[in-house]
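Here are my notes for you, written as numbered points. Keep the picture open while you read.

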Amino acid sequence: MKSREHVLAVVISMLLMTPSWAADHKPNIKHGEVLVAKKCMGCHDNRQYTRPNRIIHTYEDLRARVEFCDSASNANFSFDDLDDVVEYLNTTYYKFKK
Ligand code: HEC
C-alpha cells in the first residue's frame, strides 16, 4: 500500500472507532481493580504506579500506557474495561485532573 493511502486508512479507522470511546459509559472503579488484579500482575505489581521515577505524568499518558500494556499483556480489554482500569489507577494512584 502506498504510504498516503496507509495514512488515510489509519485516519478512517480512528474515526470509525470514535463512537465507542465517546459512548456513555460510567467508569466502574471496582471492576477496574478486579481487572488489574487479574490481568496486570504478569510483569509488575501495583508498586509500579507509585515508583519515584514513574513515566506517567498526565491523564492522557496514563490512558495511552494502559492501552499499551493491555496489548503487551494480551488482556484484550474492551473500551469500557480500559475506562474502568484508567479510572481505578487514576483514582487510587495518579490523581490527575481530567
Ligand atoms: C508484558 C509485561 C507487562 C504487562 C503484562 C503489563 N505491563 Fe504495565 N508496564 C510494563 C513495563 C515494562 C512498564 C515500564 C515501562 C518503562 O519504565 O518504560 C510498565 C509500566 C506501566 C505503567 C506506568 C507506570 C509509571 O511509571 O507510572 C502503567 C500505568 C501500567 N504499566 C499499567 C499496566 C496495566 C493496566 C496492565 C494490565 C493491562 C499492565 N500494565 C500489564 C510491562 C507490562
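Which protein donors does the iron atom of the ligand have?

1. They are His-44, through NE2, and Cys-69, through SG, and they lie 2.0 to 2.3 Å from the iron atom. Donors here are N, O and S atoms within 2.8 Å of the metal (3.2 Å for Na, K and Ca); water is not among the atoms, so sites may look incomplete. His-44 sits in the loop between α2 (29-39) and α3 (59-72), while Cys-69 is in helix α3, so the pair ties together parts that are 25 residues apart in sequence. Helices are DSSP runs (H or I, at least four residues), numbered from the N terminus.

2. Before going on, a word on the source: this is a predicted model, where local features need pLDDT of at least 70, side-chain atom pairs count only at pLDDT 80 or more, and totals for chains, interfaces and linings use all residues. Residues are numbered from 1 along each chain as its sequence is written, and side-chain values use heavy atoms, with hydrogens and water left out.

3. Back to the iron atom of the ligand: its site is octahedral, with angles of 87 to 179 degrees among the six donor atoms. Ideal angles for six octahedral donors are 90 or 180 degrees.

4. Is Cys-69 buried or partly exposed? Cys-69 counts as partly exposed, at 22% relative accessibility. The cut-offs are under 20% relative accessible area for buried and over 50% for exposed, with partly exposed in between (1.4 Å probe, protein chains only).

5. Now look around the ligand.

6. Finally, the rings. There are four aromatic pairs, meaning Phe, Tyr or Trp (six-membered) rings with centres within 6.5 Å; planes under 30 degrees apart are stacked, over 60 edge-to-face and the rest tilted. Tyr-49 and Tyr-93 make a tilted one, 5.2 Å centre to centre with 50 degrees between the planes. Tyr-49 belongs to the loop between α2 and α3 and Tyr-93 to helix α4 (residues 79-94), 44 residues apart. Both Tyr-49 and Tyr-93 are buried.

Note on methods: Four donors count as tetrahedral if all angles lie between 85 and 135 degrees; four count as square planar and six as octahedral if opposite donors are over 155 degrees apart and all others between 65 and 115; anything else is irregular. Helices (H or I, at least four residues) and strands (E, at least two) are DSSP runs, numbered from the N terminus.
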